Amino acid sequence: AVENRLRDGENIFQCMRDLMEEEKKEMGKALKSKDGGGGKGGDGDISSSLARSMATFQCARRAFETLGAEDGGSRRNNNNNNNNNSKSGEMIEKLNELRDVSINLANKAEAAMWAVEEGFLKRGHLGNKFSGAAKWSNEVKERRTNAKSAFGFDDANDDDSDECCLFVDVLLRYLKEKSGNADVASYPFKSVPDALNAIWGGSGGDGSNNRGEGGGGREDEEVSQIVKKSLFLYYVLDAGLPWKDAPARYARNARIGSKTYSEIRLASLLDESWTFANDPLKDIITNEALPNCATLSGRFLPLQFVKVVHLRGETAAALRTLRARDRNDFTFESVEKATLEVEVRIELGLVAEAFLCAKEQLSLAVRSGEEESIVVEQLANILTMKIAEYCADVRQLDQIIAMPLQNTALNGSMERAFLSWLWENKIREDVSAEHTMLYFLQRGR
């Protein structure tokens with residue numbers, strides 16, 4: 001009778017589901033505890049309770065996978081097969097959903113255990129550098145306003161606009177779209193329990209990516225968990241905790257790699273720099289955090305890091321990062337990347353290097369075969385205009401006139417762009433019509 005009971009997959013499914021519900025309630029009680037486990041042995045009791053909850057969630061995950069739950073890739077491949085057997089497909093869907101829930105709850109319990117061990121759950125806050133949640137919230141609003149203004153958005157004072165100029169807003173928008181939880185957008189979080197419930201879901205919900213049909217909405221649950229861990233780590237770093245101490249211990253517990261950790265730390269510092277323009281913070285960003293991140297990440301370093309550093313006025317550091325990021329890389333990445341490469345060099349007055357960079361990016365775009373010729377022509381217009389505008393502003397158009405624009409991709413795409421720019425701007429005082437004749441005389445020589 002015991003063997004038959006254990007072999008009954010549906011019975012095991014119901015058993016593990018009930019166990020998860022019980023442990024989820026227990027974890028919710030621990031997070032709502034007013035004293036956070038205060039008193040004699042209180043921290044140890046809560047820590048052991050959370051450890052039991054995490055073990056239960058991990059055990060449930062293994063049980064669901066044994067019964068047939070699939071990861072994102074397997075779900076996409078087997079989706080059509082499951083449709084042929086509706087009963088089997090429905091069961092697999094339930095298993096997939098509960099597997100995602102168990103992963104989400106295990107990661108939440110893991111973060112809560114870290115908070116207990118560090119003493120943050122007992123205090124309810126991180127002992128941050130701000131005097132209170134209200135001041136922290138005002139600082140974040142100021143960062144958003146300054147960042148949107150630097151990026152050139154008109155609604156710089158609108159906190160509800162869709163533009164994500166802060167790195168934390170990118171994480172918040174992703175989670176809001178995937179989970180449907182509007183509370184996650186209210187950053188900074190009021191307390192550690194509030195952060196845990198906002199990121200991984202409260203006691204009334206599982207917080208997993210359970211949107212979509214046929215497993216399609218849950219195929220990126222693993223990615224979602226990385227984003228959630230990253231957001232929690234960002235919150236901890238943004239509070240001002242020493243990055244080598246408690247945040248580093250959480251990163252190890254949560255299996256966050258050194259590359260990801262360095263990127264999250266850099267994102268936190270860059271977001272903070274929109275408010276604090278002091279020299280020590282600039283030195284930390286440009287001399288330590290940014291070079292370390294570029295070395296670890298290489299080409300996988302998100303381009304927005306470089307763009308923010310450039311907009312903050314640290315253009316030389318942005319150029320060093322671009323060079324470190326693209327070492328030994330001869331592939332075309334994007335129009336945005338090519339434009340940033342030229343912008344940074346122009347800002348530093350490196351006109352000849354900007355031209356060589358533009359020429360190389362156009363050649364890479366043609367060789368990659370991924371961009372149509374019309375896109376390459378548009379890119380040539382953008383890059384050429386940036387160089388020409390700079391030369392006109394400093395009244396040195398002869399610099400770009402002396403360059404071999406005809407020897408660029410698509411039989412002189414930069415030459416066509418430059419002549420078009422000269423014609424459109426011929427009435428400007430600093431761009432007279434004589435420059436067109438001067439260009440052809442120079443080319444004839």
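Predicted model: local features only at pLDDT ≥ 70, side-chain atom pairs only at ≥ 80, totals over all residues.

Residues are numbered from 1 along each chain as its sequence is written, and side-chain values use heavy atoms, with hydrogens and water left out. The protein chain has 21 helices and 0 strands; helices (H or I, at least four residues) and strands (E, at least two) are DSSP runs, numbered from the N terminus.

**Overall make-up**

- Of the 445 residues in the protein chain, 47% are buried; buried means under 20% relative accessible area, exposed over 50%, and partly exposed in between (1.4 Å probe, protein chains only).
- Take the contacts in the protein chain between residues at least 6 apart in sequence, and 70% of them join residues at least 24 apart; contact here means heavy atoms within 4.5 Å.

**Helix pair α12 and α14**

- Two packed helices are described by the angle between their axes and the distance between the axes.
- Helix α12 (residues 258–273) and helix α14 (residues 303–311) have axes that come within 11 Å and cross at roughly 30°; axes are lines fitted to C-alpha atoms, for helices over the stretch in contact, and angles run from 0 to 180 degrees between N-to-C directions.
- That makes α12 and α14 roughly parallel to each other, given that angles under 35 degrees count as roughly parallel, over 145 as roughly antiparallel, 65 to 115 as roughly perpendicular and the rest as oblique.
- The α12/α14 crossing is left-handed, a label used if the near helix is turned anticlockwise from the far one by less than a right angle (right-handed if clockwise).
- On the α12 side the contact uses Glu-263, Leu-266, Ala-267 and Leu-270, and on the α14 side Phe-305, Val-308 and Val-309.
- By type, the residues of this contact split into 6 nonpolar, no polar and 1 charged; Ala, Val, Leu, Ile, Met, Phe, Trp, Tyr, Cys and Pro count as nonpolar, Asp, Glu, Lys and Arg as charged, and the others, Gly among them, as polar.

**Two serines in α12**

- Ser-268 sits in helix α12 and counts as buried at 3% relative accessibility.
- Setting aside neighbours within four places in sequence, Ser-268 is in contact with Tyr-234, Leu-237 and Asp-238.
- Ser-273, also found in helix α12, counts as buried at 5% relative accessibility.
- With neighbours within four places in sequence left aside, Ser-273 is in contact with Leu-281, Ile-285 and Arg-312.

**Helix pair α20 and α21**

- Helix α20 (residues 409–424) and helix α21 (residues 434–444) pack at about 155°, with axes 10 Å apart, and are therefore roughly antiparallel to each other.
- Glu-415, Phe-418, Leu-419 and Leu-422 of α20 meet His-435, Thr-436, Tyr-439, Phe-440 and Arg-443 of α21.
- The residues of that contact divide into 5 nonpolar, 2 polar and 2 charged.

- Helix α9 (residues 192–200) has 7 of its 9 residues buried, so the rest of the structure largely encloses it.
- The buried ones in α9 are Val-192, Pro-193, Ala-195, Leu-196, Ala-198, Ile-199 and Trp-200.
- Where α9 starts, a side-chain oxygen of Ser-191 comes to within 3.3 Å of the backbone nitrogen of Asp-194.
- Just after α9, Gly-201 has a positive phi of about 95°.
- Pro-188, in the loop between α8 (167–179) and α9, is joined to Tyr-187 by a cis peptide bond with omega of about 5°.

- Most residues other than glycine have a negative phi, and most peptide bonds are trans.
- Arg-255 has a positive phi near 60°; Arg-255 lies in the loop between α11 (246–253) and α12 and counts as exposed at 58% relative accessibility.
- Asn-411 has a positive phi near 55°; Asn-411 is placed in helix α20 and is exposed, with a relative accessible area of 74%.

Conventions. Polar contact = N/O pair within 3.5 Å; in protein donor to acceptor, adjacent residues only side chain to side chain.
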